[in-house]
Amino acid sequence: MFTKYFQLKVQHLTLLNCVYILGQKGRIFMKKQFTTLLALSTAAACMLTCTPITTSAEDSLEDLQTYDVLDSTDTLVREAWESRNNEDEMEADLYDSMSEGEIPFYEAEASSEPSELEQAAIANGMYKDTFAFGNHLCTLTNEEFHDKVYAPLSESMTYSELDSNYNLAAKDTAYAGGLCYGISSIAVLVHNGLLTPSDIQEGAETLHDVEMTPDVEALITYYNSLQVYKVVEHANIVFAGMMTKDEHTDAFLNCAARCKEKGTYFMACISSAKSGTHAMVGMDEQFGNWTFNGISYDTCILTYDSNSVQKDTKESIFSDKTCIYINSETKQYCVPAYDLTSENGGVLLDASDDDSLLTYRAPIRGTTEVNTDVSETVKWRFFSGTTKDQIDVTSTTKDGTSYDFWKACKMNYGDTIYFGKGSTFHLEKKERAQGFAFDVNGIGYRLRMEQYAESSPETPKVHDRGTKCKMDFCGDSISYTNTDTESILVSYILTYDQGTYNYEPVGSVHIALVIYPNQTATISKQDTGLAITGDGEIFVQALPMATQKCIDEFDGTWEEFLNWFGSYFFNFVRSKDALLQFNTKDECSELWYDFDGDGVYDDAPILGDADGDGVPYQPGDIYQILWHINDIATSEHGVRRYNRGYVPNSEGDTDGNGVIDTCDLFDIVYECALRGAGLK
């Protein structure tokens, strides 16, 4: 898939060190040299006649070596294209939100007389609104899983979910973590009247009547996979991730009390650092006095636990020991069957009575909205071994409340994944250290942000030069300020969900910027493209990527695909605010400027204005044309097809032959000289 191509290219972005090969000071010095030489030779240049030179730019500028993000693109995109339908290579996500790890089966002895708790459970639907079989790993073949679960699940996902490989996590949850979430979800929906047993299997009068068949297995697996949708993941984890242990317990008891009053089931989860997260059904709340390991509990949550099976038959069975016992005053709790207690560390209780999370994009009477407000929830994930160390982040919600993002997150997955809230984010990196790589997944968007730096002369293996910065970002924009004394390369991948913009077939945009000390550059989403604003000259390299639907529907080879979609690849140098517009009618990218600063992008590129400052035929334009010609000439053969160099044709192709070459360079030098001499 082309998404994988993007992720591979991010790892190779150090190749975009064109700025660092000569060094920024060297480039600035060269620019001054061009200006001086032009001034000295203006009169002579006016007298010249032109014979187009035939030597290559590579020969003319053999000492200038430049590399960019397109290096090795040909090979990587070929691999992505050829593997686009290879579902055998589906990878697991970094973690599974509900089913990671395993809680061992609890094998219970069948008793001749049910206990008081079992009698209460039976009165609340045990052995009627519960399956007769227990939890298990998915038994579908790869082909069955693909056709009945993976394909329809992927079809219903948003672009940001697909870009984050949420669909790939479904396989891991089913084959590695078991089906407890799917089994529990269906039991809740049947008892609460949102599904009927005959929805699961024709002719079944109770859920206990349902027999295991491939179709039933596929349906349970599909419901098990609903947890990987971003909205469901965020609703299940973000709010819980920002609560203390006691707040977890209070929320759990409040949910149980609401459902007892309504007579409904709810989803109950036990999260253990040792054994992962296990989903069960909360059936009812009972009050009494129970003692385990010398601790007294006054509340018992009756549970339907799909991991509780009869020792001989392996059929599902109720057990007092798989219930959840809570001391409502001290907030202590335990699950005796698994020796999980609030005292043995890393154990949390979570509960949800929002049934819309169980019907969201479900295969039977699925819904498209959830009742839980997840509009400001985000998942923050680090890549390439980078961590939150030396990065301060403040998040602010729409009501103006600000959080220290790391402190507000009470639950994280190692040093990699954090959950929190915020509509806007402010990041500061005050000390030099290695660059960072992370993504922020919010509702409707995914932003991946990376920072690259040179090696320090003192410590060549440590890339810690030029990494101090400030960032302000939200779902629709990213603003980066270089607070260091060295230039820095930053790279973003911006992905927005379908229906939130008007430039499909572009699905996401990989964009790289070179930002100088004390310079600020901002990228913001517009209806038809991306606006790049800021102060000073900025080199911009954009590689839009097609939507998965576009890729799947394209009938042709990978070369034909690139020959078509490659017209959206675009590089340019901006000195004035610009809109990179994805023209879906003409199927290409194009530039519009705001030369007069009125906030409207209504100025077309000017021929001869290679640096995008609104003034054509200046020494800076000559400089950019030279870099462009050299870049094209020194690119690898496979890259030349879709490398866009530094200057778009609309600004540098003076003779209109479709390429920027030494003829255009001469035209711009000649015109610049005429103007410099006052002859035009």
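Two strands pair if DSSP finds at least two bridges between them. The model shown in these views is predicted.

**View 1. Strand 10 and strand 16 pair in the antiparallel sense.** Strand 10 covers residues 377–382, and strand 16 covers residues 437–442. Five bridges link the two strands. At one of the bridges, Phe 382 has Phe 438 of strand 16 as its partner.

View 2. Strands of a sheet pair through backbone hydrogen bonds.

**View 3. Helix 7 crosses helix 9 at roughly 135°.** Helix 7 spans residues 142–155, and helix 9 spans residues 166–175. Their axes come within 10 Å. Angles over 145 degrees count as roughly antiparallel and those of 65 to 115 as roughly perpendicular; helix 7 and helix 9 are therefore oblique to each other. The crossing is right-handed.

**View 4. Side by side, the contact residues of helix 7 and helix 9.** Helix 7 contributes Asn 142, Phe 145, Tyr 150, Leu 153 and Ser 154. Helix 9 meets them with Asn 167, Leu 168, Ala 170, Lys 171, Ala 174 and Tyr 175. By class, this contact has seven nonpolar, three polar and one charged residues.

**View 5. The whole chain, for context, has 22 helices and 29 strands.** The chain has 680 residues, of which 56% count as buried. Among contacts between residues at least 6 apart in sequence, 69% join residues at least 24 apart.

Notes: Residues are numbered from 1 along each chain as its sequence is written. This is a predicted model: local features need pLDDT of at least 70, side-chain atom pairs count only at pLDDT 80 or more; totals for chains, interfaces and linings use all residues. Side-chain values use heavy atoms; hydrogens and water are left out. Axes are lines fitted to C-alpha atoms, for helices over the stretch in contact, and angles run from 0 to 180 degrees between N-to-C directions. Helices (H or I, at least four residues) and strands (E, at least two) are DSSP runs, numbered from the N terminus. Angles under 35 degrees count as roughly parallel, over 145 as roughly antiparallel, 65 to 115 as roughly perpendicular and the rest as oblique. A crossing is left-handed if the near helix is turned anticlockwise from the far one by less than a right angle, and right-handed if clockwise. Contact means heavy atoms within 4.5 Å. Ala, Val, Leu, Ile, Met, Phe, Trp, Tyr, Cys and Pro count as nonpolar, Asp, Glu, Lys and Arg as charged, and the others, Gly among them, as polar. Buried means under 20% relative accessible area, exposed over 50%, partly exposed in between (1.4 Å probe, protein chains only).
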